[in-house]
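Open your viewer and get ready to select residues by number. We will go from stop to stop, and at each one you will read what to pick and what is there.

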Amino acid sequence: MTIKECYAVADADFADVIKRLGSEAMVKRFALKFLNDTSFEDLKEGIRLQDGEKAFRAAHTLKGVCLNLGFTGLGKASSELTEKLRGREISGSEELMQEVEAKYTSLVETLRQVE
């Protein structure tokens, strides 16, 4: 799978990110680096520990990374979770966290198919 095909499958905006990064090779390089980003794991840990500050910071970071890379679907879900966690309160965020996790898992699986 090419990176352009990956973006089409992954609810991501290839046209927008290529404007910023300039070439398909650069998009691929940075998109694949996402696989090593720890924001999602930090978010899960913050939720598990009921640490509202850690969860908020991780959700905010994940949102930013997704917006920079054009990962629209995950970016939108993590943005909604960020706003829910803005008051550093974990309760009531379960449904949004499930959506973020589903979109994250799908995106990672798709990125791993890139040649």
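Here is the tour, one stop at a time.

**Before you start**

This is a predicted model, in which local features need pLDDT of at least 70 and side-chain atom pairs count only at pLDDT 80 or more, while totals for chains, interfaces and linings use all residues. Residues are numbered from 1 along each chain as its sequence is written, and side-chain values use heavy atoms, with hydrogens and water left out.

**Stop 1: α5 and α6**

Select residues 52–69 for helix α5 and residues 72–85 for helix α6; their axes come within 8 Å and cross at roughly 155 degrees. An axis is a line fitted to C-alpha atoms over the stretch in contact, and angles run from 0 to 180 degrees between N-to-C directions. The crossing makes α5 roughly antiparallel to α6, a label for angles over 145 degrees. The crossing is also left-handed, meaning that the near helix is turned anticlockwise from the far one by less than a right angle.

Now show the side chains. On α5, pick Ala55, Phe56, Ala59, His60, Leu62, Lys63 and Cys66; on α6, pick Leu74, Gly75, Ser78, Ser79, Leu81, Thr82 and Leu85. These residues make the contact, which means heavy atoms within 4.5 Å. They divide into eight nonpolar, five polar and one charged. In this scheme Ala, Val, Leu, Ile, Met, Phe, Trp, Tyr, Cys and Pro count as nonpolar, Asp, Glu, Lys and Arg as charged, and the others, Gly among them, as polar.

**Stop 2: α4 and α7**

Next, highlight α4 and α7, which pack at an angle of about 155 degrees with their axes 12 Å apart. This pair is roughly antiparallel, and its crossing is left-handed. From α4, Phe40, Leu43, Lys44 and Ile47 meet Met97, Val100, Glu101 and Tyr104 of α7. By class, the contact has six nonpolar, no polar and two charged residues.

While you are here, click Ser39, which is found in helix α4 (residues 39–48). Is Ser39 buried or exposed? At 4% relative accessibility, Ser39 counts as buried, the word for under 20% relative accessible area with a 1.4 Å probe and protein chains only (exposed is over 50%, partly exposed in between). Leaving aside neighbours within four places in sequence, Ser39 is in contact with Ala58, Thr61 and Leu62.

**Stop 3: the aromatic rings**

Select Tyr7, Phe14, Phe34, Phe40, Phe71 and Tyr104 together: they form one aromatic cluster. How many aromatic pairs does the structure hold? It holds five, where a pair of Phe, Tyr or Trp rings (for Trp, the six-membered ring) has centres within 6.5 Å, and planes under 30 degrees apart count as stacked, over 60 as edge-to-face and the rest as tilted.

Zoom in on Tyr7 and Phe14, whose ring centres are 5.6 Å apart with planes at 75 degrees, so this pair is edge-to-face. Both Tyr7 and Phe14 are buried. Then move to Phe34 and Tyr104: with centres 5.8 Å apart and planes at 55 degrees, the pair is tilted. Phe34 sits in the loop between α3 (24–33) and α4, and Tyr104 in helix α7 (residues 94–111), so the pair ties together parts that are 70 residues apart in sequence.

**Stop 4: a loop residue**

Finish at Asp11, in the loop between α1 (3–9) and α2 (14–21). Its phi is near 55 degrees, a positive value in a residue other than glycine. Asp11 is partly exposed, with a relative accessible area of 44%.

Note on methods. Helix = DSSP H or I, 4+ residues; strand = E, 2+ residues; numbered from the N terminus. Parallel < 35°, antiparallel > 145°, perpendicular 65-115°, else oblique.
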